[in-house]
Every structure is written in C-alpha cells, then in structure tokens.
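The sequence and the structure come before the comments.

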Amino acid sequence: MDVALMVDSLPRLARGMLTTFELVALSGVAGVLLAVPVALARVSRRAWVRAVPLGYIFFLRGTPLLVQIFLVYYGLGQFETVRESFLWPVLREAYWCAIIAFSLNTSAYTAEILRGAIQAVPPGEVEAARALGMPRAMAMRRIVLPRAVRMALPAYGNEVILMLKGSALASTITLLDLTGAARTIIAKTYKPLEIFLAAGVLYLLMTFVIVRLVRWAERRLAPPAGSRS
Amino acid sequence: MTENATRNGDSGLDAKPNVPALEVLEIHKSYCGQAVLRGVSMRAHDGEVIAILGSSGSGKSTFLRCINFLEVPESGAVRVGGEEVRVRRRKTGGHAVDQKQINRLRARIGFVFQSFNLWPHRSVLGNIIEAPVHVLGLPRAEAVARAEALLDKVGMADRRDLYPNQLSGGQRQRAAIARALAMEPDVILFDEPTSALDPELVGEVLGVIRRLADEGRTMLIVTHEIGFAREVSDRTLFLHEGRVEEEGPSGRMFARPDSDRLRRFLASHLN
Ligand SMILES: Nc1ncnc2c1ncn2[C@@H]1O[C@H](COP(=O)(O)OP(=O)(O)OP(=O)(O)O)[C@@H](O)[C@H]1O
Ligand SMILES: [Mg+2]
C-alpha cells in the first residue's frame with residue numbers, strides 16, 4: 001500500500017472535495033427552493049393543481065440520475081434555440097449542467113418528503129390556526145410549513161447524503177469533483193486501491209459532517225424536551 | 001377589559017341589548033347523505049352562557065364547528081355582532097361561502113378544542129400572540145402585554161416561555177383558552193374542554209371557564225360535566241339527533257325537563 005501516494009494526492013483530492021461540496025450545496029439550495037412550490041401544489045385542494053407536478057416527480061424519480069445528467073449536458077445542446085439563447089454560456093458548462101440536473105433530481109425527492117411532512121401535521125393544529133381567523137395561506141406559512149420542516153428534517157438529511165453520493169456521477173461529464181479527481185490521479189498512477197480508499201474516506205468525512213449538521217438543526221428547531229407528557 | 005365591559009352591555013351607552021351577540025339560523029349539515037344537523041337555530045345575547053347538551057353523536061361538535069365554519073353547512077346563516085355569513089347554493093351543486101368574510105367572523109369567535117391543539121413548536125407565549133399579531137395586526141409589544149395579562153388570568157404567568165409538551169393537560173387547555181381570549185372574541189365556543197383531561201385536572205379548567213362566565217363573556221359550552229353546565233349556564237340547549245329537542249333557562253331545564261329524552265339524559269348523567 002502506497003501511503004505516500006495517498007498523502008501526496010490529498011491536495012488534489014481536497015480540491016475535488018471542494019467541487020463536490022459546491023455541487024451538493026448549490027443543488028441542495030436550488031432543490032429546496034424548487035421543492036417548496038412543488039410540494040405546495042401536491043397538497044392543493046384543487047385536483048388539477050395537484051396533478052401539475054405529477055409528471056415532473058414521476059420522471060425525476062423514475063429515471064436514473066445519470067440519464068438526467070446526460071440529458072441536460074448532451075441533450076440541451078441539440079436545440080438551436082438553446083444554443084442561441086443568452087443562457088448558452090452557462091448551459092455549455094459541465095459544472096452548471098451537473099448543478100441543474102442535481103437540483104431537479106433532488107427537488108423531486110425533497111418535494112415528496114415535504115409533502116409527506118405537510119400531510120403529517122395534525123389537522124387539529126391547522127384547524128386551530130384557521131379558527132383564529134388565519135387565511136389558508138397564512139396558516140400554511142406560519143404554522144404548517146414550520147411544523148412540516150421540523151418533521152421532514154431527518155428524511156431530508158438522508159436525501160442530502162444520497163445526493164452527496166450521487167454527485168460522483170458529475171465525473172462522467174468531465175467534472176473534477178472528488179470522484180473525478182480520484183479518477184484522473186488513477187489514470188496517471190494506476191493505483192486505484194489507494195486513491196479510491198482515500199476518496200472514500202473523504203466521502204465518509206463529508207457524510208459525517210452532514211449527519212452532524214442535520215442533527216444540530218433538528219435539536220435547534222425542536223421544542224425543549226418535555227419534562228412531562 | 002374596559003372595552004369588554006361596554007361590549008357586554010353592563011354600562012355603555014352603545015350597548016344594544018336587542019341585537020344578539022351570536023345568532024345561528026337553521027343550520028343543516030349532513031355527511032354522505034346522512035343528516036347530522038336538521039335545522040338547528042339559537043341565539044346568545046351579550047354575556048349569556050349557553051350549555052349545549054346531548055348524547056354522543058347528537059351533533060354537538062358538528063353544530064359548534066358549523067358556527068365558525070370549520071364545517072360548511074349545506075344551508076343556514078350565522079350572525080356575529082351584526083355581520084352575517086350565509087351559505088349560498090352554488091349552481092354546480094356545492095355550497096359557497098365568502099372566505100374573507102369567514103376569516104373575519106372566525107377572528108371574532110373563539111374556539112376551544114377538546115384536544116387543545118396548541119402548536120408544539122411555539123412557546124406558550126408564541127401560541128398566544130401569533131393570531132393577534134398576524135391576523136389582527138397588533139404590534140408585538142402590545143400582543144405580548146395582552147398575552148401576559150391573560151396568562152395571569154388563567155394562572156399561567158410563570159409558564160409563558162414553556163412549550164406545550166412541558167405542560168400538563170390542564171395547563172395546555174388553559175393556555176389554549178388564553179390563546180382564544182387574546183383575540184378578544186365576541187363569543188367563545190368550547191367543545192368538551194375537559195373531556196381529554198385526567199379527572200384531577202378538570203377542576204382547574206372549569207375554574208377558568210367559570211371566571212369567564214362571571215366576567216360576563218358570551219359563551220357556548222358543549223360539555224358532559226352536567227353539574228358544571230347547570231351551575232354556570234344561563235340557558236341550555238338539548239340536542240337530539242340533529243334537532244333542538246328542548247331549550248330554555250338552565251334552572252328550569254335541569255329542575256323540570258319537559259321532554260322524556262332530556263329527563264332520561266339528565267338521570268343517566270347525574271349519577
Ligand atoms: N367528518 C365526518 N364525517 C362523517 N360523519 C361525521 C363526521 N363528523 C361527524 N360525523 C357524524 O355526525 C354525527 C354527529 O357527530 P358529532 O361529533 O357532532 O357528535 P357529538 O354530539 O359531538 O358527539 P360526542 O359527544 O361523541 O362528541 C355522528 O353520527 C358522527 O358519526
Ligand atoms: Mg363532540
């Protein structure tokens with residue numbers, strides 16, 4: 001085992017780790033922003049509004065992330081309108097294509113997590129808000145969503161971990177994320193064991209940090225533990 | 001509290017004793033074709049306490065929930081302080097009501113649930129000031145001052161920063177009552193406020209409600225605590241299968257019930 005190589009590779013792997021972190025963080029934020037309206041549509045009173053995001057969720061959960069990445073990276077460029085649009089400088093970049101694909105993908109899962117949590121808010125608590133004269137939207141914003149977010153956190157933490165691991169697929173479209181960096185080093189050194197081992201440890205480290213962060217957020221947001229009840 | 005005194009008609013020149021605080025007209029409600037309320041009407045004058053009795057399934061909860069439109073009745077109307085909400089029949093077959101108007105109405109009608117329904121992610125204070133700040137637009141400081149006065153009144157001044165899961169059932173219900181009172185409602189509806197409580201905690205909640213009655217608040221109370229109902233209410237409404245079976249001054253109703261059903265109901269509940 002070439003420990004020296006592992007240590008030597010660390011700076012480059014760390015740079016890859018930074019890219020992975022960026023991909024996950026940016027997609028995570030964009031995914032949540034997309035997920036909220038999708039989840040709200042899914043719990044609408046109106047059947048047709050509930051139906052609108054069905055295709056979106058069905059497609060994004062039903063196809064492999066790799067296929068989605070390829071569709072964005074190779075697919076979009078096929079359309080002349082896309083190539084000629086002002087967005088092309090962005091859509092040409094593998095980096096942004098990965099972020100778009102990840103954001104869409106995680107938004108579908110996050111929306112479903114959030115929908116479940118919204119529906120798990122006890123109806124009595126919503127009724128209490130409505131009985132005090134809160135309009136539906138205000139009750140949603142002030143009572144239901146804050147409640148749902150707290151209930152959704154553990155499942156959402158899971159989703160972030162899955163996203164972190166899924167982000168390894170960014171390396172398939174030339175990105176030097178942690179996996180991409182590892183692969184380029186291996187291509188030169190032919191030492192897959194050492195390098196992937198090192199990369200694996202770095203992934204573990206990131207997962208650990210995410211788990212801690214989510215647990216911290218859960219504790220921050222949870223009401224103090226009951227001394228009774 | 002001064003404002004309340006005038007509104008309750010104790011002293012104010014603007015007291016309108018002929019306009020009921022709450023008027024409910026001909027409420028009809030059914031679930032899946034099964035009629036639960038078949039034309040229930042009632043009126044409560046300022047400061048009146050009305051007990052609503054009836055056996056399980058007679059429609060008491062449904063009736064209360066129709067008054068603030070947590071359930072939308074098929075037909076009927078509710079008037080609070082001169083504002084009327086009427087159920088219109090939609091051409092497509094449904095029943096339409098004006099949501100804005102209902103929200104205004106709800107802000108004037110307090111509702112106390114059997115299961116408290118406090119928001120667990122908010123402290124007691126947070127629960128109480130939420131609607132005054134966001135529905136009534138009260139400045140936060142004013143809402144907090146109001147909440148503290150109410151907490152004092154329900155005997156929970158030292159609990160304002162606790163969360164619902166840190167309270168006993170009786171304390172939770174008293175916090176929920178304070179939350180309803182913070183809107184300074186014209187009428188308060190209680191749906192079995194003590195039924196979810198351990199027997200030893202019932203008294204403290206009934207005590208709070210009794211004090212509200214003494215203050216001259218207009219209240220409708222659904223309860224199985226027959227002794228309490230008799231003692232605290234001015235009038236009683238006895239529901240049976242979605243109709244008002246008997247109605248009158250509580251003293252007379254409890255002493256000399258007209259209907260056999262009420263007589264049997266009282267007999268079975270008094271021991
Ligand atoms: N959401 C609902 N869907 C269908 N049926 C309902 C619904 N709510 C109430 N009912 C029915 O309406 C009838 C009256 O119910 P309601 O809860 O008003 O009775 P209640 O007098 O409050 O009884 P209790 O003393 O047990 O609380 C019952 O037969 C009940 O099964
Ligand atoms: Mg009931």
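Note on contacts within and between the chains

1. Over all chains, the count comes to 30 salt bridges, a salt bridge being a side-chain nitrogen of Lys or Arg within 4 Å of a carboxyl oxygen of Asp or Glu. Side chains of opposite charge can pair when their charged atoms come close.

2. This is a predicted model, in which local features need pLDDT of at least 70 and side-chain atom pairs count only at pLDDT 80 or more, while totals for chains, interfaces and linings use all residues; side-chain values use heavy atoms, with hydrogens and water left out. Residues are numbered from 1 along each chain as its sequence is written, and chains are lettered from A and ligands numbered from 1 in the order in which they are written.

3. Within chain A, Asp2(A) and Lys191(A) form a salt bridge with an N to O distance of 3.5 Å. The two residues are 189 residues apart and link distant parts of the chain: Asp2(A) lies in the segment before helix 1 (3–42) of chain A, and Lys191(A) in the loop between helix 10 (178–189) and helix 11 (192–221) of chain A. Helices (H or I, at least four residues) and strands (E, at least two) are DSSP runs, numbered from the N terminus.

4. Between the chains, 24 residues of chain A are in contact with 30 residues of chain B, where contact means heavy atoms within 4.5 Å. About 2300 Å² is buried between chain A and chain B, 58% of it on carbon and sulfur atoms. Buried area is the accessible area (1.4 Å probe) that two parts lose on being put together, summed over both.

5. Two salt bridges are counted between chain A and chain B. Glu130(B) pairs in a salt bridge with Arg142(A), with the closest N and O atoms 2.7 Å apart. On the side of chain A that touches chain B, helix 8 (123–131) and helix 9 (136–166) of chain A each supply at least two residues. Helix 8 of chain A gives the most, with seven residues. That side of chain A divides into twelve nonpolar, five polar and seven charged residues. Here Ala, Val, Leu, Ile, Met, Phe, Trp, Tyr, Cys and Pro count as nonpolar, Asp, Glu, Lys and Arg as charged, and the others, Gly among them, as polar.

6. Chain B is divided into domain 1 (4–108 + 186–270) and domain 2 (115–184), with bounds from an automatic or database domain assignment. Their contact takes 17 residues from domain 1 of chain B and 14 residues from domain 2 of chain B. The area buried between these two domains of chain B is about 1300 Å², and carbon and sulfur atoms give 64% of that area. In domain 1 of chain B, Ala107(B), Glu204(B) and Val208(B) lose the most area to domain 2 of chain B, together 31% of what that side buries.

7. Glu204(B) also forms a salt bridge with Arg174(B), the closest N and O atoms being 2.9 Å apart. Helix 7 of chain B gives the most to the side of domain 1 of chain B that touches domain 2 of chain B, with seven residues.

8. Which residues surround ligand 1? Among them are Tyr31(B), Lys60(B), Glu192(B) and His224(B), each with a heavy atom within 4 Å of the ligand. An oxygen atom of ligand 1 is 2.9 Å from a polar backbone atom of Gly57(B), and a polar side-chain atom of Glu192(B) lies 3.2 Å from an oxygen atom of ligand 1.

How values were computed
A polar contact is a pair of N or O atoms within 3.5 Å; within protein, one must be able to donate a hydrogen and the other to accept it, and residues adjacent in sequence count only if both atoms are side-chain atoms.
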